[in-house]
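Here's a quick briefing to read with the model open beside you. Start with the overall picture, then move on to the charged pairs.

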Amino acid sequence: AAAAAAAAGGRAAGTAGAADAAAVLALEAETKAAAAAVNGARAALAAKEAEVESATVDLKALATQLEEIRETSAAGLAAMSADVTRFRDAAATAEAAAESTAAAES
């Protein structure tokens, strides 16, 4: 009876050992899955960071182009304003000359 009890105890210990080993294997699998998920998240984050960096470079280039357009527009407006002033002065001079000629003929 003692031998049977010892054998049963040994089987129970073996069963508990097998359950512990299975739990350890399950934890190892979970750990590996978590590590893979972390690595995947890191890769996704790196991809997003690269995307943001690219968008930032694009926005900086657009800002530079916008500033160039603004400067060109301002220069163009200044040139047009100078032309308008010159044409007004020429028209005033022509009008004064016409009035002077009309006065001289009268």
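What follows covers the fold and surface, then the salt bridges one by one.

This is a predicted model. For secondary structure, you're looking at one helix and zero strands. Three salt bridges turn up in the count.

**Fold and surface**
- Helix 1 takes in residues 2–105, and the protein has 106 residues.
- The accessible surface is about 8,400 Å², and carbon and sulfur atoms account for 67% of that.

**Lys 48 and Glu 51**
- Lys 48 pairs up with Glu 51 in a salt bridge, with 3.7 Å between the closest N and O atoms.
- The two sit three residues apart in helix 1, which means about one helical turn separates them.
- Glu 51 is partly exposed, at 48% relative accessibility.

**Glu 67 and Arg 70**
- Glu 67 and Arg 70 make a salt bridge through their side chains, at 2.7 Å from N to O.
- Because they are three residues apart in helix 1, Glu 67 and Arg 70 are about one helical turn from each other.
- Glu 67 comes out as partly exposed, with 33% relative accessibility.

**Asp 83 and Arg 86**
- Asp 83 and Arg 86 form a salt bridge too, and their closest N and O atoms are 2.9 Å apart.
- Three residues lie from one to the other in helix 1, so Asp 83 and Arg 86 are separated by about one helical turn.
- Asp 83 is partly exposed at 30% relative accessible area, and Arg 86 is partly exposed at 48% relative accessibility.

Conventions. Residues numbered from 1 in each chain as written. Predicted model: local features only at pLDDT ≥ 70, side-chain atom pairs only at ≥ 80, totals over all residues. Heavy atoms only, no water. Helix = DSSP H or I, 4+ residues; strand = E, 2+ residues; numbered from the N terminus. Buried < 20%, exposed > 50% of the residue type's maximum accessible area, 1.4 Å probe, protein only. Areas by Shrake-Rupley, 256 points an atom, 1.4 Å probe, with all protein chains shown as cover. Salt bridge = Lys/Arg side-chain N within 4 Å of Asp/Glu carboxyl O.
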